[in-house]
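Subject: A structure for you to look at

Hi,

Here is the structure I promised to pass on. Please open it beside this email, and then read on for what was found.

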Amino acid sequence: PIFFALFTFFPVAFSLKQKSFLCADDLSSYDSILDLGFYIPLYGDHISLFPILASVAIFFYTKMTTGQQMMSPSQTGGVNMKVIMYMMPLMMLFFFNNYASGLSLYYFISNVLTIILMLVIKKFIIDDQKVLSQIEKNKKKPLKVGGFRARLQKALEEAEKQKKGRGQ
């Protein structure tokens, strides 16, 4: 619902009509920096700056969030995460090229701010050594059995006793 609202809001917003920002003359329409002279299916006949910037920001955001978590195709059900990492920004470039430049600008600024926040948190707030020492300390603690696991273990032990009692 949020994405649907964004995609329907930006082209019809009166506050964005005829408002310019950087190279965009109208934030409720696409921002063309180069007219191609021919039509590319699903892309259009022009190149827009804000969708390119938004796609680059989406790529770096995806790269930062996936990091070392890339899985092999067998772990993800046949889908290679690297392919998705490269296809997502490309698909967004195609989606945003003919859409309101305000939406592309919103995605670009949103992703850039998120990237900056992640970098600030990673560099200045989180102490890696403290986190690693806490993980090591937690590994040394005995495993506490509680709730469902304790009842399941007790039931398995009773079943084992009954099995041994019948076998003798």
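Leaving out residues up to four places away in sequence, which residues does I58 touch? They are M88, P89, M92 and N111. Please keep in mind that this is a predicted model.

I58 also belongs to the largest nonpolar core, which has six residues: A54, I58, M92, F96, L103 and Y107. Helix 2, helix 3 (81-97) and helix 4 are the elements that each give two or more residues to this core. As background, nonpolar side chains in soluble globular proteins tend to be buried together.

Now for how these helices pack. The axes of helix 2 (residues 49-66) and helix 4 (residues 101-125) come within 8 Å and cross at roughly 30 degrees. Angles under 35 degrees count as roughly parallel, so helix 2 is roughly parallel to helix 4. Their crossing is left-handed. Among the residues of helix 2 in this contact are A54, I58 and Y61, while helix 4 brings residues including Y107, N111 and M118. By class, the contact has 16 nonpolar, five polar and no charged residues.

On to the other partner. Helix 2 and helix 3 have axes 9 Å apart and pack at an angle of about 155 degrees. Because angles over 145 degrees count as roughly antiparallel, helix 2 is roughly antiparallel to helix 3. Here the crossing is right-handed.

Enjoy exploring!

Best wishes

Key
Residues are numbered from 1 along each chain as its sequence is written. This is a predicted model: local features need pLDDT of at least 70, side-chain atom pairs count only at pLDDT 80 or more; totals for chains, interfaces and linings use all residues. Side-chain values use heavy atoms; hydrogens and water are left out. Axes are lines fitted to C-alpha atoms, for helices over the stretch in contact, and angles run from 0 to 180 degrees between N-to-C directions. Helices (H or I, at least four residues) and strands (E, at least two) are DSSP runs, numbered from the N terminus. Angles under 35 degrees count as roughly parallel, over 145 as roughly antiparallel, 65 to 115 as roughly perpendicular and the rest as oblique. A crossing is left-handed if the near helix is turned anticlockwise from the far one by less than a right angle, and right-handed if clockwise. Contact means heavy atoms within 4.5 Å. Ala, Val, Leu, Ile, Met, Phe, Trp, Tyr, Cys and Pro count as nonpolar, Asp, Glu, Lys and Arg as charged, and the others, Gly among them, as polar. A nonpolar core is a set of buried Ala, Val, Leu, Ile, Met, Phe, Trp, Tyr and Cys residues joined through side-chain atoms within 4.5 Å. Buried means under 20% relative accessible area, exposed over 50%, partly exposed in between (1.4 Å probe, protein chains only).
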